[in-house]
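Hello,

Here is the structure I promised to pass on to you. Please open it beside this email, and then read on for what turned up in it.

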Amino acid sequence: MRGNYLFTSESVSEGHPDKVSDQISDAIVDLMLSKDPESRIACETMTTTQRVVLAGEIRCAPMYDAEKYADNGGWAPGARDEIEEAVRKTVKEIGYEQDGFHWKTLEFENHLHGQSSEIAQGVDAGEEGSNKDEGAGDQGIMFGFACDETPDLMPATLDYSHKILHRMAEDRKSGKAPFLEPDSKSQITLRYENGKPVACTAVVVSTQHGKGYHTGDKEAELKAYVKETVADILPDGLISDETAWHINPTGAFEIGGPDGDAGLTGRKIIVDTYGGAAPHGGGAFSGKDPTKVDRSAAYITRYLAKNVVAAGLAKRCTIQIAYAIGVSEPLSLYVDTHGTGTVDDEKIEDAIKSIAKLKGLTPRGIRTHLGLNKPIYRVSAAYGHFGRDVKGDTFPWERTDLVEDLKAAL
């Protein structure tokens with residue numbers, strides 16, 4: 001590994017058009033899981049000027065049954081209204097009340113339909129007494145990562161980029177920074193020496209703002225606020241006179257969100273994971289129920305990597321896992337501690353495989369161990385799925401409760 005280098009990660013706010021789409025998709029996941037924990041959801045969202053469109057496949061008997069409710073397009077009475085209400089509530093909570101995108105007046109289209117029976121037969125467990133376990137919802141490779149650069153065991157560049165935008169959103173909603181609008185992006189570049197971040201060489205923040213905050217005293221107020229926020233988030237000593245600042249470098253940013261650019265679910269997967277510091281698997285997370293290993297296996301590999309680092313077994317850890325659609329057992333498990341491990345990587349792999357509570361890392365075992373069949377996903381759809389605080393049932397993959405099991409197995 002190189003010891004000395006520059007590295008950059010970016011984040012986008014909850015008001016970014018792609019993140020609006022992610023949050024809407026996960027609001028639908030949460031709604032259906034709240035009705036039926038065994039729901040199957042693959043919800044895609046498109047947002048643009050004054051419009052939200054949903055498409056995808058679902059299976060949620062309390063809301064959709066193609067035969068039972070055939071006269072109503074397969075939808076239970078009131079179900080379509082509940083979905084539209086969830087969409088509008090999400091947009092309202094993000095803060096969009098603009099002429100080009102307003103939670104109350106936007107046009108809404110729902111094109112969700114029933115899940116393919118051919119997909120269902122591969123994913124569902126067999127009848128009681130059969131030997132068929134629940135299979136993976138798709139083929140694919142998934143990665144998890146952790147490192148000791150921050151207390152959250154996340155890459156510092158991404159961790160700080162997320163936290164800057166999260167703080168700005170809090171200040172916007174509380175009224176502390178009323179000139180801010182929902183859409184924003186951040187980017188942090190750090191210089192590493194001997195593998196550790198020692199200086200911030202560049203900060204990029206572009207934020208949608210109220211009318212006129214791109215000139216004169218108003219622009220100065222906005223830029224001073226951003227600098228103060230960044231300085232409060234980054235650890236002491238990283239910012240210096242040599243730090244380059246790029247705050248709204250294109251000038252005015254009054255038109256933003258879905259009115260400024262169309263948004264789609266799943267287009268910010270590097271923002272969702274590790275900011276480019278680690279590989280990413282083949283699929284996005286938002287809009288998918290936890291039988292989809294794109295989501296659940298990415299969560300379990302983060303959980304495992306984080307526990308490896310938290311146990312002091314390595315300073316950096318990348319874990320890959322692979323599945324075939326309809327097959328319950330993973331095809332492979334790979335651990336790489338990048339030369340920082342205190343034991344051989346193969347021994348860590350064996351230790352993971354030996355821990356009974358992980359139940360062989362089958363899709364059902366992952367969902368059971370982490371408690372994923374719950375409406376916990378909307379909150380994960382902005383500011384990263386990883387490096388977050390565990391609160392109640394949310395972000396269970398961020399727990400470090402496997403440390404003693406790993407140590408014992410080794």
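**Two loops to begin with**

Asn-248 lies in the loop between β10 (244–247) and α6 (257–260). Helices (H or I, at least four residues) and strands (E, at least two) are DSSP runs, numbered from the N terminus. Before going further, please note that this is a predicted model, where local features need pLDDT of at least 70 and side-chain atom pairs count only at pLDDT 80 or more, while totals for chains, interfaces and linings use all residues. Residues are numbered from 1 along each chain as its sequence is written, and side-chain values use heavy atoms, with hydrogens and water left out.

What stands out about the backbone of Asn-248? Its phi is near 45°, a positive value in a residue other than glycine. Most residues other than glycine have a negative phi. Asn-248 has 10% relative accessibility, so it counts as buried (under 20% relative accessible area; exposed is over 50% and partly exposed in between, with a 1.4 Å probe and protein chains only).

Gln-50 also has a positive phi, near 50°. Its place is the loop between β2 (40–48) and β3 (51–59), and at 18% relative accessibility Gln-50 counts as buried.

**Aromatic rings**

There are 12 aromatic pairs in the structure. Rings of Phe, Tyr and Trp (its six-membered ring) pair if their centres lie within 6.5 Å; planes under 30 degrees apart count as stacked, over 60 as edge-to-face and the rest as tilted.

Take Phe-145 and Tyr-274: their ring centres are 5.6 Å apart and their planes are at 70°, so this pair is edge-to-face. Phe-145 lies in strand β7 (residues 140–147) and Tyr-274 in the loop between α7 (269–272) and α8 (293–310), so the pair ties together parts that are 129 residues apart in sequence. Phe-145 is buried, with a relative accessible area of 0%, and Tyr-274 is buried at 0% relative accessibility.

Phe-285 and Phe-386 are edge-to-face as well, because their ring centres are 6.1 Å apart and their planes are at 65°. This pair links distant parts of the chain, 101 residues apart: Phe-285 is in the loop between α7 and α8, and Phe-386 in the loop between α10 (363–370) and α11 (403–409). Phe-285 is buried at 3% relative accessibility, and Phe-386 at 2%.

Which residues do ring pairs link into a cluster? They are Phe-145, Tyr-274, Phe-285, Tyr-299, Phe-386, Phe-395 and Trp-397.

**A sheet**

Strand β7 also belongs to an open sheet of 3 strands, in the order β7-β12-β13, with antiparallel pairing. Two strands pair if DSSP finds at least two bridges between them. The edge strands, β7 and β13 (332–336), each pair on one side only. Strand β12 (residues 316–323) pairs with β13 over 5 bridges, and Thr-318 stands opposite Asp-336 in β13.

**The largest pocket**

The largest pocket holds about 570 Å³ of space. A pocket is an open set of points on a 1 Å grid over the protein atoms alone, where a 1.4 Å probe fits, with protein on both sides within 12 Å along at least five of seven lines; lining residues have an atom within 4 Å of a point. Of the 24 lining residues, the closest to the pocket's centre are His-166, Glu-170, Ala-382, Tyr-383 and Arg-388. Helix α4 (residues 156–174) gives the most to the lining, with 8 residues.

Happy exploring!

Technical notes. Grid points are joined across faces, edges and corners, and a volume is the space filled by probe spheres set on the points.
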